[in-house]
Amino acid sequence: MKKLLAVLLSAAMILGLAACASQPAAPAATEAATTAAATEAPAAEAEKVTLELYCVKTENLEAWQELERRFEALYPNVDIELITLEFSSGSSEFITARIAADDLPDVLQVSQGGVTSQLLDAGKIEDLKRFKAADSIPQVYKDLLTYSDGTLFGLAQGAAFATMYYNMDILEKAGWTTIPTNWDELIQCCKDVKEKTDAAPIVTSGQHGTLLYFTPELIAAHVCGLGQNEYEEQFRAGKFDWTAYPEIEQRLEEIQPYFITGAASMVEDDIATMMADGAAAMALAGNWTAASVCDATAEAAGGMDKVKASLPPFNKAGEATWASVAPEDGFGITKDAKRSPAEQEALETFYEWLYLPENFRCIQNSSGSVPVLTTFTDDQIVLPEPIVPVVAPMNAAPSILMGFNIWTTEYNDAAKTVLLDWISGNATAKQVVDTMWEAEQKYPKNK
Amino acid sequence: MNRKKLVGLERTHTRTCRIMLIPAFILCFAFVIIPLIDVVRYSFTDWDGIQPQMAFVGFENYRNLPQMEGFKDMLVATFTFAIGMTVITILVSFITALALDKKGRGRMPRNLVRALWFIPSLLSGTVVGILWHIMYNYHNGVVNTVLKTVGLKSVNWLETYVVTNIAIIVAAAWVQIGMCIIIFMAGLQGISADIYEAATIDGATDRQQLWSITVPMMAPSITINVITTTIGAFKAYELPYFISKGMPGYTTLLLTGRISFYAFKAGKYGYGSALAVILVLIIALFSLLELLILRKREDIYG
């Protein structure tokens, strides 16, 4: 009896394993069956196609879902599968795993460097020059998402720039009826807020690398006396010496005490929370969260009229204010030899449709990004009220590229670590500039 | 039953056992042994994790490890975390198990307390990491709220050297304690009441009974708990990462976090694999050491 039971159990397990092993063959069988059925079905019935779209989860998720619904209503044979992951929750790991499985999403969010570079090196991303949508993106943003081999790998979803948001209610309590317009005023304003109110002067997010880099890169832009693109060129060549400009260290020292305690461990959403709680007077953040930061600040300040925004005033009195800008990540198309002609057609149709102004405005307006589509009409763009006056100065300002556009992963790791230590008061400004310069020489392959 | 029949039965039994082991062996081979061999192989290459090409680089990845950003901090963080978590977990769970095992003392609802301790071990490391990250928040976290309520100052749990190490150890121990309590309680219930009764008649105090009866007879449970907790601590990734993100500096960035960084973010799969091999060796060495030491105790008292 025991023997029989043992044999039966073993057989059951082996069969189970065999069943598992045969699973991958199932889709092929199903596909064959579907193809056969399709051949028999009336020719008018279009092939059912599923397209995967991957994007980083932000506050514009609802806009993406709305676009998904609209496209599926327009093309009932196409099923859009939206995959979203938060930036900090393993989005790059997700793509890496999908690369390993040779199962990349059809459309995916791309950026400069990081996993995108690896995808490009592996020849997995399409050149988008042939798409009509590319004609509606200004050349400057196309250049920023063009790889060294000339591949246009993404079309930008907007223009991002560093923004300072102000709770005028707190500023007024500190004796400021207008916003600071230069570095000295900014430091004085921070001092007054710290001394005269319960709020911290500035909140930012250390865990969102881009926001963390704003301070050093904007300081560098304002104090080094370099022209447009010079910092980027020197940095890429590993020749931008952070230690050669004493004013960078001095300014880092000046501003550090005015960041809110705990800023280093804060994520981007914490900025809005702190502003809503009235815990900070100013927020150094991106324009892409303008909607939520302005709403939160208005809640604490008592109305949107008490919310103001500007380019971070890191300039000397009477000198130009630099903008820290970047094309917000773009969207690219993956190459897949296994894709059927119907799938490829649906994919290209979807991509062109996505960048039509009447569709793309959903994404554009949900975050407050500066529009990049030249085909937008004025009535299609809705920006948060405090952001409107900043767009023109941003477009006119000399600009420095946001750090992530040129910093490689390992440089980024070293720089971010020391900057987080600095913002939380564990490292000195000297340690910051020394580490950033050392890391620049140690990891010279900056793209 | 004659001897021939007995030998035949023995053979059949052995054969059945072998057949029954086949599925487990296949799974182990496919999902543990082969990937492990692959990791060792990749550690000698410059593979970026994406492109099919990879070049053999010998021991270069291993030689370059000490030059890695924060290498020393990472090693200290990993060992501090593993040792700290193991010590706290074993001590707290042993004391709690002893308290829960005292029959008929007080009105403590034993099962409820045991269940409350056990619940955290059912949660994923990511959930616990995020939970404690929120609890440690400087401005509105529950830990600082409690401190402020009792008139103490807020502590920057997530950005202060040494304090953050303690913070992640406490959170990790909180998860592991429940499981250890269950194992300790099973061990305690296996000790015959007669032994304690005899000791009491001989005039042994509670303390003497604890050190001379309970602890020695719990040696197998202690071995299991120490080894599983240490291995778990060395393998921990998501929990400490989601609490502190490696801050401040690199002082809470564990070996596992670095493996993930190099393999999946920096495009240096070979380098990440070298780190993974080091981790496997550390775990094997620690487990062996613990086994040798604790088994010796088991032999003495067993």
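Guide: What follows goes from confidence to the interface and then to the salt bridges.

This is a predicted model, in which local features need pLDDT of at least 70, side-chain atom pairs count only at pLDDT 80 or more, and totals for chains, interfaces and linings use all residues. Residues are numbered from 1 along each chain as its sequence is written, chains are lettered from A and ligands numbered from 1 in the order in which they are written, and side-chain values use heavy atoms, with hydrogens and water left out.

Start with confidence. pLDDT is the predictor's confidence in each residue, from 0 to 100. Chain A has a mean pLDDT of 85, and 87% of its residues reach 70 or more. Residues 11–44 of chain A have pLDDT below 50. Beyond near neighbours in sequence, that stretch has 4 contacts in the model (contact: heavy atoms within 4.5 Å). Where pLDDT is low, the predicted coordinates should not be read in detail.

Now the interface. Chain B puts 35 residues into the contact, and chain A puts in 36 residues. Together the two chains bury about 3200 Å². Buried area is the accessible area (1.4 Å probe) that two parts lose on being put together, summed over both. Carbon and sulfur atoms carry 59% of that area.

Polar contacts come next. The rule finds 13 residue pairs in polar contact across the interface of chain B and chain A, both residues at pLDDT 80 or more. Such a contact is a pair of N or O atoms within 3.5 Å; within protein, one must be able to donate a hydrogen and the other to accept it, and residues adjacent in sequence count only if both atoms are side-chain atoms.

On chain B, helix H1 (3–42) and helix H12 (255–265) each supply at least two residues of the side that touches chain A. Helices (H or I, at least four residues) and strands (E, at least two) are DSSP runs, numbered from the N terminus. H1(B) gives the most to this side, with 7 residues. The residues of this side of chain B divide into 17 nonpolar, 11 polar and 7 charged. Here Ala, Val, Leu, Ile, Met, Phe, Trp, Tyr, Cys and Pro count as nonpolar, Asp, Glu, Lys and Arg as charged, and the others, Gly among them, as polar.

Between chain B and chain A there are 3 salt bridges. Each is a side-chain nitrogen of Lys or Arg within 4 Å of a carboxyl oxygen of Asp or Glu. One of them joins Lys442(A) to Glu69(B), with the closest N and O atoms 3.3 Å apart. Another pairs Asp413(A) with Arg258(B) at 2.7 Å. That pair crosses from helix H17 (residues 409–423) of chain A to helix H12 of chain B. Asp413(A) is buried, with a relative accessible area of 13%. Arg258(B) is buried too, at 2%. Buried means under 20% relative accessible area, exposed over 50%, partly exposed in between (1.4 Å probe, protein chains only).

Over all chains the structure holds 18 salt bridges. Glu52(A) and Arg98(A) form one of these, 2.4 Å from N to O. The pair links strand E1 (residues 49–56) to helix H4 (residues 91–100) of chain A, 46 residues apart. Glu52(A) is buried at 16%, and Arg98(A) is buried at 13%. A network of salt bridges links Glu52(A), Arg98(A) and Asp103(A).
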